[in-house]
Amino acid sequence: MASLVNFDAINATYTEHEKLLGKLGYNPQSMLLDLNQPCPSLIRYCYWLGQEVPCDKYFHVTKTHLGFCCSFNVVPAMLVGNKATQLSTRGSTDIRLSGAGKHVGLSVTVDIEPQNYMAPTKSFFGADVFLHSPIDFPADSDFEDTLQPGWDVDFCVTPMPIDSSDSLRRVPLKKRQCFMEGEGTVQSGSPFSSNLCMSECRLRTIVKLCNCVPFFYADFSEFSSKLSSKS
């Protein structure tokens with residue numbers, strides 16, 4: 001199982017096992033979904049804006065480069081089973097705070113069930129936490145931390161607003177090293193972000209070299225077919 005989320009060379013035994021699983025109706029995604037800890041058993045209690053809320057209403061399964069994740073406040077296109085060719089926030093239900101402070105944020109109790117671990121990719125028990133934009137595919141460049149049993153951890157998100165005058169557009173892009181609103185495009189038709197741009201760049205390279213898309217990527221099937229036809 002651990003080899004499904006790395007790029008080490010595989011041998012004939014692995015290929016034979018994959019064929020056998022295929023005959024049983026499994027592929028890497030369906031197998032991991034069956035073996036993955038369900039979100040309701042992972043995230044036991046949820047508090048939002050100071051009130052206890054049903055976790056299954058706010059957390060849904062998404063794909064990441066580490067496997068499947070239980071995500072809060074992501075656009076519907078990022079959910080497992082949905083298309084990610086249009087990651088626009090239009091039509092989504094972005095969840096926003098009404099103020100600042102721990103009492104109006106999100107609090108959860110996590111049960112990682114270490115007794116049920118199978119083929120772990122790390123040498124310890126814990127849950128990885130990523131903080132990222134709702135339209136971004138989670139990546140190593142996001143803020144990341146690991147929760148371990150018995151820990152009580154607080155995350156503080158501090159916004160960094162950047163305001164530039166329109167005259168900055170006259171400065172060559174190579175010199176200013178940033179995009180203004182309306183500049184910079186990603187082929188999936190989404191609002192530009194550095195993470196999404198890098199994800200598409202990786203995807204173009206993978207499609208060009210392997211003519212396939214890793215199962216842990218969001219469903220870029222239509223997008224990847226366009227890339228493949230251009231390669």
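Colleague: With which side chain does the side chain of tyrosine 26 make a polar contact?

Modeller: Please note that this is a predicted model, in which local features need pLDDT of at least 70, side-chain atom pairs count only at pLDDT 80 or more, and totals for chains, interfaces and linings use all residues. Residues are numbered from 1 along each chain as its sequence is written, and side-chain values use heavy atoms, with hydrogens and water left out. A polar contact is a pair of N or O atoms within 3.5 Å; within protein, one must be able to donate a hydrogen and the other to accept it, and residues adjacent in sequence count only if both atoms are side-chain atoms. For tyrosine 26 such a pair lies at 3.2 Å, and the partner is the side chain of aspartate 34.

Colleague: Is tyrosine 26 buried, partly exposed or exposed?

Modeller: Tyrosine 26 belongs to the loop between α1 (12-23) and α2 (28-35); helices (H or I, at least four residues) and strands (E, at least two) are DSSP runs, numbered from the N terminus. Buried means under 20% relative accessible area and exposed over 50%, with partly exposed in between (1.4 Å probe, protein chains only). The relative accessible area of tyrosine 26 is 34%, so this residue is partly exposed.

Colleague: What is the relative accessible area of threonine 62?

Modeller: Threonine 62 sits in strand β3 (residues 59-64). Leaving aside neighbours within four places in sequence, its contacts (heavy atoms within 4.5 Å) include Phe68, Val74, Met78 and Leu79. Threonine 62 is classed as buried because its relative accessible area is 3%.

Colleague: Which strands stand at the edges of the open sheet of 3 strands, and why is one side of each left without a neighbour?

Modeller: The strand order is β2-β1-β5, with antiparallel pairing, where two strands pair if DSSP finds at least two bridges between them. Each edge strand has a single partner strand, so one side of each is left without a neighbour in the sheet; these strands are β2 (51-53) and β5 (106-110).

Colleague: Which residue in the hairpin of β1 and β2 takes a positive phi?

Modeller: Tryptophan 48 stands opposite glutamine 51 in β2. The hairpin has 2 residues between the strands, and the positive phi, near 55°, is taken by leucine 49.
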